[in-house]
Amino acid sequence: MVAPPDNDVIWARSLHHSHNGSPGLGGVSVGVRDGEILAVTGPRGSGKTTLLHCLSGQLVPQQGEVWYNSVPLHTMGPRLREQLRRDRFAWIAPEPQLVPELTTWENAALPLLLRGTSHRAAKKAALEWLERLDIAALAKKRPHALLQAQRQRVSVARALTASPSVIFADEPTAALHRADRTQLLRTLTTAARSHDITVVLATHDVEVAALADRAVALLDGRRVSTVTLPAVSDTEGRSACSLSV
Ligand SMILES: Nc1ncnc2c1ncn2[C@@H]1O[C@H](COP(=O)(O)OP(=O)(O)OP(=O)(O)O)[C@@H](O)[C@H]1O
């Protein structure tokens, strides 16, 4: 077995996975460096979600290896994988997945409450991120009273409140209008950079991918290129990208 490189927080080798016979991944290898924002790009059905599910331990690939900081996820039992996901990872889905019975701040604080953090400390952390996402005024409202864009900001707040090592964001702005999309992504990427959080961002949108440090492209479940993006010129994001396949 080959040891994963030291500077990769996540390292996957030769991942193969099919969904009931329909091919999802056909031998993808990828390393995610500590603290980087990595975009996984590709058209619909290219395997982005399947790859993120494998890297985050939600899915065990039928073949291949996934390592998180030298810990093998592919041989780990479901309970340990679930614990690792709860303690180290956060997930942002294309559509906000909030608990309807809980208020905004309770939804944002949920990962900390599940870890046993005190009510007071969890609320404080949640409110700080809700403030940064400009939705602190909605802290006591329930999801049904919020707009879609506000609900997705709560999802982002929840991911950041957990102080994860890695955030997996699967098309996090797919359901948003352009202005909401830009603001949400800027907040997410700026917060991740300032808190040394690694982000794996699945997107088919080149403007979204341009906010990343690096992009890997998938096509039909296979990796087709790596795109290295130029250094960030400001704290708000990137304006251009260049190809180095
Ligand atoms: N649960 C499933 N059951 C059957 N086939 C699936 C399932 N999930 C994914 N697939 C198939 O696996 C392939 C890869 O899908 P995946 O969702 O990973 O791609 P994607 O790039 O994320 O696409 P999208 O942008 O549409 O979300 C597609 O052909 C898809 O139809």
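Me: What is the mean pLDDT of the protein chain, and what share of its residues reach 70 or more?

Reply: One begins with confidence, since this is a predicted model. The protein chain has a mean pLDDT of 90, with 90% of its residues at 70 or more. The scores for the model are ipTM 0.93 and pTM 0.90.

Me: Where is confidence lowest and where is it highest among the elements?

Reply: Strand β10 (residues 222-228) is lowest, with a mean of 79, while strand β7 (residues 166-170) is highest, at 98. Separately, the pLDDT is below 50 over residues 233-245, a stretch that makes 19 contacts in the model beyond near neighbours in sequence.

Me: How many helices and strands does the protein chain have?

Reply: There are seven helices and 10 strands. The radius of gyration is 18 Å, close to the 18 Å given by the globule rule for 245 residues, so the chain is as compact as a globular protein of that length. The C-alpha trace spans about 50 × 40 × 35 Å along its principal axes.

Me: What share of the contacts joins residues 24 or more positions apart?

Reply: Of the contacts with a separation of 6 or more, 68% are between residues 24 or more positions apart. Buried residues account for 42% of the 245 in the chain.

Me: Why is helix α3 described as largely enclosed?

Reply: As a general idea, an α-helix has 3.6 residues a turn, so residues three or four places apart point the same way. In α3 (residues 104-114), eight of the 11 residues are buried, so the helix is largely enclosed by the rest of the structure. Among the buried residues are Trp-105, Glu-106, Asn-107 and Leu-112. Their cover includes α2 (78-88), β6 (89-92), α4 (119-132) and α5 (148-161). Just after α3, Gly-116 adopts a positive phi of about 95 degrees.

Me: How many bridges join β6 to β7, and which residue of β7 is the bridge partner of Ile-92?

Reply: The two strands run parallel and are joined by four bridges. Ile-92 has Ala-169 of β7 as its bridge partner.

Key
Residues numbered from 1 in each chain as written. Predicted model: local features only at pLDDT ≥ 70, side-chain atom pairs only at ≥ 80, totals over all residues. pLDDT = per-residue confidence, 0-100. Contact = placed C-beta atoms within 7 Å. Buried ≥ 20, exposed ≤ 12 C-beta atoms within 10 Å, placed from the backbone. Rg over C-alpha atoms; globule rule 2.2 N^0.38 Å. Pairing = 2+ DSSP bridges.
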